[in-house]
Amino acid sequence: MIIGRVIGNVVSSRKYDSLQGYKLLLIRPQYSDKSEVIVAADVMGAGVGQQVIVSFGESNQHALTKNAPIDALVVGIVDNEPIIDLSEQP
Amino acid sequence: MIIGRVIGNVVSSRKYDSLQGYKLLLIRPQYSDKSEVIVAADVMGAGVGQQVIVSFGESNQHALTKNAPIDALVVGIVDNEPIIDLSEQP
Amino acid sequence: MIIGRVIGNVVSSRKYDSLQGYKLLLIRPQYSDKSEVIVAADVMGAGVGQQVIVSFGESNQHALTKNAPIDALVVGIVDNEPIIDLSEQP
Amino acid sequence: MIIGRVIGNVVSSRKYDSLQGYKLLLIRPQYSDKSEVIVAADVMGAGVGQQVIVSFGESNQHALTKNAPIDALVVGIVDNEPIIDLSEQP
Amino acid sequence: MIIGRVIGNVVSSRKYDSLQGYKLLLIRPQYSDKSEVIVAADVMGAGVGQQVIVSFGESNQHALTKNAPIDALVVGIVDNEPIIDLSEQP
């Protein structure tokens, strides 16, 4: 999983029926040297600015009420933002 | 999932039978520092220039009428293009 | 999926039995800023120099006659090579 | 799989029920030129500073007592830290 | 799949039972601009210095005698090392 910041959502009127009912959040992965935006399905009601935990791949099907072509899912909302200095050698 | 721009399609006469009936779109992932082109199957009729939502991996099988070796699938067409500034710290 | 160029093949006498019968092609992903070589199983008879479509992951099992530890599979041979300029903004 | 260093954990009160009971560790992948932090579920009791082996994807479901949207799992704690010089050509 | 060089192995006394019986090899992916070390399970007896073919993801379960949280598996030992010049345009 990764930790990401919700920066907005994307609306798609023409989409697979099985995606109906999911908010599609725009999320920027954090604590990473990659710079990208992913789209994750959400039913937890995460809001813009919140840090969330996103899980990827087929494992998500185990959390959906019915199967859907969702490869990224918000599985938790972070309580306290971890302070991490990526420049430190692990 | 990711958001990508349709830039064309690729034709493959010699392909697995189970890929018949799918248009194979050439898509450039957006809002990412990676520079690449992916091939995604599409039955939604997305056109060149449109922004689409692409899902990856085995989860896509849940949206196909019959199983096929498809690891990237257009699952939605974006209504309004999100304005995102990747240089901003999330 | 991705588009890649076949640059050769690799021979492995000591391999899992379920890999018998597959040619293991060396493929360079194209239209990407990544520089790498992947190994993909092939039963379509793609030759060196040809452009092929490669699919990744568990979805490939739906195209195999029997299950095998194959995570990359040639699923089509490209008819006409797309002309793509990665330096253009999508 | 990868080897990573445990650098802390993240707390998420609002998460999927099936994630209850798992500690969510913050892990920095080692022996890699990528700089990122991943979140992995753990039931082995790995502590901060320890090196662990992390497995990704659907395969993890085979190690869980019940299915859950977990795409990264601590599957072992390293006995002795390997000494590896990435600048050496393999 | 990828081709990698075996550079050692890692010992983990505290690991999932289902990982017992597998040697956990340290492998450096070759023919790639990424610099990293992966851990792959091996039952083929690959030795340090040898080139191996590694497969990733759920597909590996089809080669295991019983399911296990293994996302990278040595599926073959390379006979003759391919000579590849990554600086050449594919």
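Contact, as I use the word here, means heavy atoms within 4.5 Å.

I am working from a predicted model, where local features need pLDDT of at least 70 and side-chain atom pairs count only at pLDDT 80 or more, while totals for chains, interfaces and linings use all residues. Residues are numbered from 1 along each chain as its sequence is written, chains are lettered from A in the order in which they are written, and side-chain values use heavy atoms, with hydrogens and water left out.

Entry on A:Ile27. Leaving aside neighbours within four places in sequence, I found A:Ile27 in contact with A:Gly4, A:Arg5, A:Val6, A:Ile7, A:Glu36, A:Val37, A:Ile38, A:Ala40, A:Val52, A:Val54 and A:Val74.

Entry on chains C and B. I looked up how 33 residues of chain C are in contact with 32 residues of chain B. The two chains bury about 2600 Å² between them, 56% of it on carbon and sulfur atoms, where buried area is the accessible area (1.4 Å probe) that two parts lose on being put together, summed over both.

Entry on charges. I then searched this interface for salt bridges (a side-chain nitrogen of Lys or Arg within 4 Å of a carboxyl oxygen of Asp or Glu), and the rule finds one between chain C and chain B. B:Glu36 forms a salt bridge with C:Lys34, and their closest N and O atoms are 3.8 Å apart.

Entry on composition. The residues on the side of chain C that touches chain B divide into 19 nonpolar, eight polar and six charged, with Ala, Val, Leu, Ile, Met, Phe, Trp, Tyr, Cys and Pro counted as nonpolar, Asp, Glu, Lys and Arg as charged, and the others, Gly among them, as polar.
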